[in-house]
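Hi,

Here is the structure I promised to pass on.

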Amino acid sequence: MLSVAEFMTRDVIKINLDERLNKVKEIFDQYKFHHLLVVDNNNALCGVLSDRDLFRALSPNVGLASETARDAATLNKRVHQIAARNPICLPTSASLTDVVKQLHEHQVTCMPIVDENKRPVGIVTTKDIIRLLHDKIEPSNTNL
């Protein structure tokens with residue numbers, strides 16, 4: 001059985017609970033992914049923040065000519081105010097089946113992977129699963 005350690009994304013960006021949303025926005029604008037792992041002061045996983053969570057928390061006028069001081073103030077909120085807390089996570093010993101089961105049962109699109117101290121070491125998203133399946137179906141596409 002395929003272990004999650006064989007296909008998880010290891011380069012994860014973590015953010016602290018007290019970070020402001022303007023920093024989160026900068027990260028999402030710079031990198032093209034959809035989830036940040038939220039850690040406490042011990043670097044232990046304590047939440048997940050999606051780009052959708054951010055969009056819901058910010059004023060729709062942020063960055064527009066019609067932006068007011070009140071709109072801009074939404075960027076001063078902190079991660080702990082909007083992040084999903086106590087996320088489901090799995091260890092690196094989990095299998096592909098374990099990940100798929102948890103994603104489906106909890107209707108989430110990402111699964112943080114943690115070490116024995118609950119520190120994030122990777123993440124698996126539904127896009128990772130689709131890419132993995134695609135690669136298994138078409139291991140080498142030489143017709144491109």
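One cut-off before the rest: a residue is called buried under 20% relative accessible area, exposed over 50%, and partly exposed in between. By that rule E105, at 47% relative accessibility, is partly exposed. Keep in mind that this is a predicted model.

Salt bridges

Another one joins D128 and R131, at 2.4 Å from N to O. These two are three residues apart in helix 5, so about one helical turn separates them. Here D128 is buried at 7% relative accessible area, while R131 is partly exposed at 45%. D51 and R52 also form a salt bridge, with their closest N and O atoms 3.8 Å apart. D51 is buried, at 10%, and R52 is partly exposed, at 41%.

Strand 6

What about strand 6: how many of its five residues are buried? Five of the five are, so the strand is largely enclosed by the rest of the structure. Both faces are covered, with C110, P112 and V114 buried on one side and M111 and I113 buried on the other.

Strand 6 pairs in the parallel sense with strand 5 (residues 90-91) over two bridges, and L90 stands opposite I113. With strand 7 it runs antiparallel, joined by five bridges, and C110 stands opposite T125. The hairpin of strands 6 and 7 has five residues between the strands, and K118 takes a positive phi near 65° there.

The largest pocket holds about 300 Å³ of space. It is lined by 17 residues, of which F33, H34, H35, I123 and T125 are the closest to its centre. Strand 2 (35-39), strand 7 (120-125) and helix 5 (126-137) each give at least two residues to that lining. By class, the lining has six nonpolar, six polar and five charged residues.

The second largest pocket has a volume of about 230 Å³. Of its 13 lining residues, V48, A84, V108, T109 and C110 are the closest to the centre. Its lining divides into seven nonpolar, three polar and three charged residues.

Cheers

Note on methods. Residues are numbered from 1 along each chain as its sequence is written. This is a predicted model: local features need pLDDT of at least 70, side-chain atom pairs count only at pLDDT 80 or more; totals for chains, interfaces and linings use all residues. Side-chain values use heavy atoms; hydrogens and water are left out. On a 1 Å grid over the protein atoms alone, a cavity is a set of points where a 1.4 Å probe fits but cannot get out, and a pocket is an open set with protein on both sides within 12 Å along at least five of seven lines; lining residues have an atom within 4 Å of a point. Grid points are joined across faces, edges and corners, and a volume is the space filled by probe spheres set on the points. Helices (H or I, at least four residues) and strands (E, at least two) are DSSP runs, numbered from the N terminus. Ala, Val, Leu, Ile, Met, Phe, Trp, Tyr, Cys and Pro count as nonpolar, Asp, Glu, Lys and Arg as charged, and the others, Gly among them, as polar. Buried means under 20% relative accessible area, exposed over 50%, partly exposed in between (1.4 Å probe, protein chains only). Two strands pair if DSSP finds at least two bridges between them. A salt bridge is a side-chain nitrogen of Lys or Arg within 4 Å of a carboxyl oxygen of Asp or Glu.
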